[in-house]
Amino acid sequence: MTTLIRAQGPRELLAYVPFRLGYRPQDSVVLVGLRPPRGRIGLVVRVDVADAADVEHGPQLARSVVGHLAADGARRVVLVVYSDAPLRAAGVAGGRGRGGGGGGRGGGAPHHGPVEAWVVSSTGWYALDCAEDDCCPPEGRSLRELESSEVGAHMVLSGAALADSREEALRIPPAGADARRRGARAARRGRGRARGGAGRGGGAGRG
(Lines give C-alpha, C1' and ligand atoms only; values in the text may rest on other atoms or scores of the structure.)
Protein backbone atom coordinates (compact mmCIF):
# COMPACT_ATOMS: atom_id res chain seq x y z
CA MET A 1 0.00 0.00 0.00
CA THR A 2 1.35 3.42 -0.97
CA THR A 3 1.12 6.20 1.61
CA LEU A 4 0.38 9.65 0.23
CA ILE A 5 2.26 12.35 2.13
CA ARG A 6 1.20 15.98 1.91
CA ALA A 7 2.79 18.99 3.57
CA GLN A 8 0.36 19.89 6.34
CA GLY A 9 2.76 22.38 7.90
CA PRO A 10 6.47 22.83 8.60
CA ARG A 11 6.47 20.55 11.62
CA GLU A 12 5.10 17.59 9.66
CA LEU A 13 7.36 18.31 6.70
CA LEU A 14 10.51 18.53 8.81
CA ALA A 15 9.54 15.34 10.62
CA TYR A 16 9.17 13.52 7.29
CA VAL A 17 12.39 14.56 5.53
CA PRO A 18 14.80 12.29 7.47
CA PHE A 19 12.52 9.29 6.87
CA ARG A 20 12.48 10.09 3.17
CA LEU A 21 16.29 10.13 3.12
CA GLY A 22 16.65 7.16 5.46
CA TYR A 23 18.96 8.96 7.87
CA ARG A 24 19.30 12.12 9.94
CA PRO A 25 21.03 14.71 7.72
CA GLN A 26 24.03 16.65 8.98
CA ASP A 27 25.71 19.67 7.37
CA SER A 28 23.20 19.36 4.55
CA VAL A 29 20.90 21.46 2.42
CA VAL A 30 17.68 19.67 1.50
CA LEU A 31 15.24 20.94 -1.10
CA VAL A 32 11.70 19.57 -1.01
CA GLY A 33 9.48 19.95 -4.05
CA LEU A 34 5.73 20.42 -3.43
CA ARG A 35 3.35 19.51 -6.21
CA PRO A 36 0.01 21.23 -6.83
CA PRO A 37 -2.78 21.45 -6.01
CA ARG A 38 -2.49 20.33 -2.36
CA GLY A 39 1.19 20.45 -1.65
CA ARG A 40 1.98 16.79 -2.21
CA ILE A 41 5.64 16.08 -1.45
CA GLY A 42 7.53 15.13 -4.58
CA LEU A 43 11.25 15.04 -5.22
CA VAL A 44 13.54 15.53 -2.22
CA VAL A 45 17.16 16.47 -2.98
CA ARG A 46 20.05 16.65 -0.49
CA VAL A 47 23.45 18.29 -1.06
CA ASP A 48 26.34 19.07 1.28
CA VAL A 49 26.36 22.57 2.74
CA ALA A 50 29.96 22.99 1.54
CA ASP A 51 28.96 22.17 -2.05
CA ALA A 52 25.93 24.49 -1.99
CA ALA A 53 28.05 27.33 -0.58
CA ASP A 54 30.90 26.88 -3.04
CA VAL A 55 31.39 30.19 -4.85
CA GLU A 56 32.36 28.61 -8.17
CA HIS A 57 30.15 25.53 -8.38
CA GLY A 58 27.32 26.34 -5.96
CA PRO A 59 25.16 28.38 -8.40
CA GLN A 60 25.45 25.70 -11.09
CA LEU A 61 24.51 23.03 -8.56
CA ALA A 62 21.48 25.07 -7.47
CA ARG A 63 20.29 25.48 -11.08
CA SER A 64 20.66 21.76 -11.69
CA VAL A 65 18.69 20.85 -8.56
CA VAL A 66 15.94 23.35 -9.38
CA GLY A 67 15.72 21.90 -12.88
CA HIS A 68 15.12 18.43 -11.47
CA LEU A 69 12.47 19.77 -9.07
CA ALA A 70 10.69 21.54 -11.93
CA ALA A 71 10.79 18.41 -14.07
CA ASP A 72 9.18 16.53 -11.17
CA GLY A 73 6.25 18.96 -11.19
CA ALA A 74 7.13 21.09 -8.17
CA ARG A 75 5.48 24.49 -7.98
CA ARG A 76 6.72 25.32 -4.48
CA VAL A 77 10.03 24.54 -2.83
CA VAL A 78 10.92 24.30 0.84
CA LEU A 79 14.57 24.56 1.79
CA VAL A 80 15.86 22.91 4.97
CA VAL A 81 19.38 23.53 6.26
CA TYR A 82 20.75 20.95 8.69
CA SER A 83 23.54 22.70 10.53
CA ASP A 84 24.70 23.78 13.98
CA ALA A 85 26.04 27.07 12.60
CA PRO A 86 24.28 30.13 14.12
CA LEU A 87 22.53 31.04 10.89
CA ARG A 88 20.54 33.90 12.40
CA ALA A 89 23.64 35.43 13.99
CA ALA A 90 26.12 37.79 12.40
CA GLY A 91 29.67 36.68 11.79
CA VAL A 92 31.71 34.38 9.60
CA ALA A 93 29.90 31.19 10.61
CA GLY A 94 26.51 32.71 9.93
CA GLY A 95 27.68 34.04 6.60
CA ARG A 96 28.88 30.63 5.49
CA GLY A 97 25.60 29.06 6.56
CA ARG A 98 23.55 31.62 4.72
CA GLY A 99 25.70 31.07 1.69
CA GLY A 100 24.57 27.44 1.68
CA GLY A 101 20.93 28.34 2.16
CA GLY A 102 21.04 31.42 0.00
CA GLY A 103 22.34 29.55 -3.00
CA GLY A 104 19.35 27.22 -2.88
CA ARG A 105 16.92 30.07 -2.38
CA GLY A 106 18.31 32.11 -5.23
CA GLY A 107 18.23 29.13 -7.56
CA GLY A 108 14.66 28.23 -6.66
CA ALA A 109 13.02 31.64 -6.78
CA PRO A 110 12.78 32.15 -10.58
CA HIS A 111 10.85 28.88 -11.05
CA HIS A 112 8.98 28.44 -7.80
CA GLY A 113 8.56 31.87 -6.25
CA PRO A 114 9.81 32.71 -2.75
CA VAL A 115 11.43 29.71 -1.08
CA GLU A 116 10.41 28.93 2.49
CA ALA A 117 13.54 28.15 4.53
CA TRP A 118 13.95 26.24 7.79
CA VAL A 119 16.92 25.20 9.91
CA VAL A 120 17.29 22.02 11.94
CA SER A 121 20.21 21.86 14.35
CA SER A 122 21.20 19.35 17.01
CA THR A 123 19.27 21.39 19.59
CA GLY A 124 16.14 22.58 17.80
CA TRP A 125 14.43 23.86 14.66
CA TYR A 126 13.37 27.30 13.51
CA ALA A 127 12.45 29.41 10.50
CA LEU A 128 15.55 30.96 8.94
CA ASP A 129 13.94 34.40 8.63
CA CYS A 130 12.26 34.37 12.03
CA ALA A 131 13.59 36.96 14.50
CA GLU A 132 10.93 36.51 17.18
CA ASP A 133 12.13 34.66 20.26
CA ASP A 134 8.54 33.81 21.21
CA CYS A 135 8.05 31.53 18.21
CA CYS A 136 11.70 30.77 17.38
CA PRO A 137 13.88 30.91 20.51
CA PRO A 138 17.66 31.22 20.00
CA GLU A 139 18.21 27.50 20.53
CA GLY A 140 15.24 26.66 18.30
CA ARG A 141 12.01 24.85 19.06
CA SER A 142 12.38 21.44 20.67
CA LEU A 143 13.23 18.52 18.40
CA ARG A 144 10.72 16.49 20.39
CA GLU A 145 8.02 18.36 18.51
CA LEU A 146 9.24 16.74 15.30
CA GLU A 147 9.59 13.30 16.88
CA SER A 148 6.04 13.45 18.24
CA SER A 149 4.43 14.73 15.04
CA GLU A 150 1.69 12.79 13.27
CA VAL A 151 3.97 11.97 10.34
CA GLY A 152 6.80 10.88 12.62
CA ALA A 153 4.48 8.60 14.59
CA HIS A 154 3.05 7.13 11.39
CA MET A 155 6.50 6.37 9.98
CA VAL A 156 7.67 4.70 13.20
CA LEU A 157 4.50 2.60 13.46
CA SER A 158 4.90 1.52 9.84
CA GLY A 159 8.35 0.14 10.67
CA ALA A 160 10.50 2.89 9.16
CA ALA A 161 13.94 3.21 10.75
CA LEU A 162 16.45 6.05 10.70
CA ALA A 163 20.23 5.76 10.53
CA ASP A 164 22.20 8.35 12.49
CA SER A 165 24.25 9.37 9.44
CA ARG A 166 24.47 8.98 5.68
CA GLU A 167 27.54 6.79 6.07
CA GLU A 168 25.68 4.44 8.39
CA ALA A 169 22.70 4.26 6.04
CA LEU A 170 24.94 3.31 3.10
CA ARG A 171 27.07 0.84 5.04
CA ILE A 172 26.61 -2.77 3.89
CA PRO A 173 26.89 -5.16 6.82
CA PRO A 174 29.27 -8.12 6.35
CA ALA A 175 27.63 -11.40 5.46
CA GLY A 176 27.42 -14.08 8.11
CA ALA A 177 29.40 -17.32 8.01
CA ASP A 178 26.48 -19.36 6.61
CA ALA A 179 25.85 -16.85 3.84
CA ARG A 180 29.53 -16.84 2.90
CA ARG A 181 29.59 -20.64 2.72
CA ARG A 182 26.50 -20.72 0.53
CA GLY A 183 28.03 -18.08 -1.72
CA ALA A 184 31.26 -20.05 -2.03
CA ARG A 185 29.36 -23.24 -2.97
CA ALA A 186 27.31 -21.37 -5.56
CA ALA A 187 30.48 -19.88 -7.03
CA ARG A 188 32.09 -23.33 -7.29
CA ARG A 189 29.02 -24.74 -9.01
CA GLY A 190 29.00 -21.81 -11.41
CA ARG A 191 32.68 -22.32 -12.29
CA GLY A 192 32.07 -26.04 -12.79
CA ARG A 193 29.19 -25.42 -15.19
CA ALA A 194 31.28 -22.87 -17.08
CA ARG A 195 34.15 -25.34 -17.50
CA GLY A 196 31.75 -28.08 -18.60
CA GLY A 197 30.15 -25.82 -21.17
CA ALA A 198 33.52 -24.75 -22.53
CA GLY A 199 34.60 -28.37 -22.87
CA ARG A 200 31.48 -29.34 -24.81
CA GLY A 201 31.86 -26.33 -27.02
CA GLY A 202 35.49 -27.23 -27.79
CA GLY A 203 34.53 -30.79 -28.81
CA ALA A 204 31.90 -29.55 -31.22
CA GLY A 205 34.39 -27.23 -32.80
CA ARG A 206 36.83 -30.05 -33.47
CA GLY A 207 34.11 -32.14 -35.10
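Val80 is buried, with a relative accessible area of 0%; buried means under 20%, exposed over 50%, and partly exposed in between, using a 1.4 Å probe and protein chains only. Val80 sits in strand S3, residues 76-82. Helices (H or I, at least four residues) and strands (E, at least two) are DSSP runs numbered from the N terminus. Leaving aside residues up to four places away in sequence, Val80 touches Leu14, Ser28, Val29, Val30, Trp118 and Val120. Contact here means heavy atoms within 4.5 Å. Leu128 lies 48 residues from Val80 along the chain, with 9.0 Å between their C-alpha atoms.

This is a predicted model, in which local features need pLDDT of at least 70, side-chain atom pairs count only at pLDDT 80 or more, and totals for chains, interfaces and linings use all residues. Residues are numbered from 1 along each chain as its sequence is written, and side-chain values use heavy atoms, with hydrogens and water left out.

Now the whole chain. It has eight helices and five strands, in the order α-β-β-α-α-β-α-β-β-α-α-α-α. Of its 207 residues, 34% are buried. Among contacts with a separation of 6 or more, 62% join residues 24 or more positions apart. The chain exposes about 12500 Å², and carbon and sulfur atoms supply 53% of that area. Accessible areas come from the Shrake-Rupley method with a 1.4 Å probe; for residues, only the protein chains shown count as cover.

Next, the charges. Side chains of opposite charge can pair when their charged atoms come close. A salt bridge is a side-chain nitrogen of Lys or Arg within 4 Å of a carboxyl oxygen of Asp or Glu. The count comes to five salt bridges. In one of them, Asp164 pairs with Arg24, the closest N and O atoms being 2.8 Å apart. This pair links distant parts of the chain, 140 residues apart: Asp164 is in the loop between helix H6 (150-157) and helix H7 (166-170), and Arg24 in the loop between helix H1 (10-21) and strand S1 (28-35). Asp164 is partly exposed at 46% relative accessibility, and Arg24 is partly exposed at 41%.

Asp48 and Arg46 also form a salt bridge, at 2.8 Å from N to O. Glu145 is partly exposed at 24% relative accessibility, and Arg141 is partly exposed at 30%.
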